[in-house]
2 protein chains.
Amino acid sequence: MGKKIAFILSGCGVKDGSEIHEAVAALIALDRAGYEVIFAAPDVEQAATVDHRTASAESITRNTLKESARIARGNILPLSELRSEDYDAVMFPGGFGAALTLCSFAVDGPECSVNPEVESLINEALQSGKPIAAMCIAPVILARTIPGAKLTIGSHPETADAISAMGAVHVNCPVNESVVDLERKLVTTPAYMLASGPAEVYEGALSMVEELGRLF
Amino acid sequence: MGKKIAFILSGCGVKDGSEIHEAVAALIALDRAGYEVIFAAPDVEQAATVDHRTASAESITRNTLKESARIARGNILPLSELRSEDYDAVMFPGGFGAALTLCSFAVDGPECSVNPEVESLINEALQSGKPIAAMCIAPVILARTIPGAKLTIGSHPETADAISAMGAVHVNCPVNESVVDLERKLVTTPAYMLASGPAEVYEGALSMVEELGRLF
């Protein structure tokens, strides 16, 4: 069996959950490279539910784990049940769920809090020397959790400034490449922070998975 | 601009809507080949809403167009508003939504009915010589609508028999290839009817998009 990737979802859809194109582009790249994927998500209510056609917030609430199961095709663990022996590396696709539910960056900016289970996972991966990869806006979770982390969200000035304000180091990066923090074993790629469509997202995902393989 | 593909969704998730990996694999393949995608879905209640973790039906209803907008990242037309000049070809990803909401095959088998807007779209494409592509279980819609259609759903015996019962011609096909009906300009690929993971789905999508390009 290939190495196991804990793939952390935050719902299903760019405006309130995991960005679907990013998640699947990463899954194709991982599968082609022979990795096994273990899906997990926090079993909490989504911080928001958004009508993706109108972009307006809805009054209903949806459960993060249950909606994430749509991308996972059913086979997904509550994040609280993910154990250290279940994975060799961690990956976060983007989407607003990463900045609304996995952390509160979309609302609180550099003062954001991180979901406690997500924070524990990141700290455990760091302490055991396991690589962590993140796409699009999800690197803000790493910026908030890992002092001095070197990472990218592409080249968006305000978000890059917010990352610096959290004590991390932002590096501009083109859409088809990744930024690697060798010391902390982090790989990040801009995805839809810069991509004009799914083909560019996939190029970034291929780069991220290739760089990830060098960190084991 | 490249040729325009009317990409017809049926919700968001394999168990009650469009299969997410199939949809995105096709979108990456189309984008790489330079096609423009026009998303559309019927503005109707989904025939079912399923908890993807437990696979049990839920009592809530969801709207097909609204949920499909998650895969489309917001930019999607009600199928009733899609005009002939908007597209050069039609594509249907799979997922149970194709067999529950776009047609009733999952419930009624060979006696199934097809959503009237979907049926009109297929007939219009046929009459104007525009190619139609379909993945996974979605070819049953073509089997029901197009007399004598040559197509594949992989090699599943009962589904192949049902396709024959509808007057179409089933051809077994491996996961990384497609079946082409040159006379009717149809391309079909098995996707998750056979695929063991997203990389195989992507190989089938690349094959489908390549064959589609030969039909213009």
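Which exposed residues does the face of α7(A) turned away from its buried side carry? The model is predicted, so that local features need pLDDT of at least 70 and side-chain atom pairs count only at pLDDT 80 or more, whereas totals for chains, interfaces and linings use all residues. Residues are numbered from 1 along each chain as its sequence is written, chains are lettered from A and ligands numbered from 1 in the order in which they are written, and side-chain values use heavy atoms, without hydrogens and water.

Helix α7 of chain A spans residues 157-165, helices being DSSP runs of H or I with at least four residues and strands runs of E with at least two, numbered from the N terminus. The face in question carries A:P157, A:E158, A:D161 and A:A165, exposed meaning over 50% relative accessible area, buried under 20% and partly exposed in between, with a 1.4 Å probe and protein chains only. The buried residues of the helix are A:T159, A:A160, A:A162 and A:I163. Because these cover an arc of only 160° around the axis, they lie on the same side of α7(A), the arc being that of the directions from the helix axis to the C-beta atoms. They pack against α4 (105-108), α6 (139-145), β6 (150-151) and β7 (169-170) of chain A, where contact means heavy atoms within 4.5 Å. Just after α7(A), A:G167 adopts a positive phi of about 90°.
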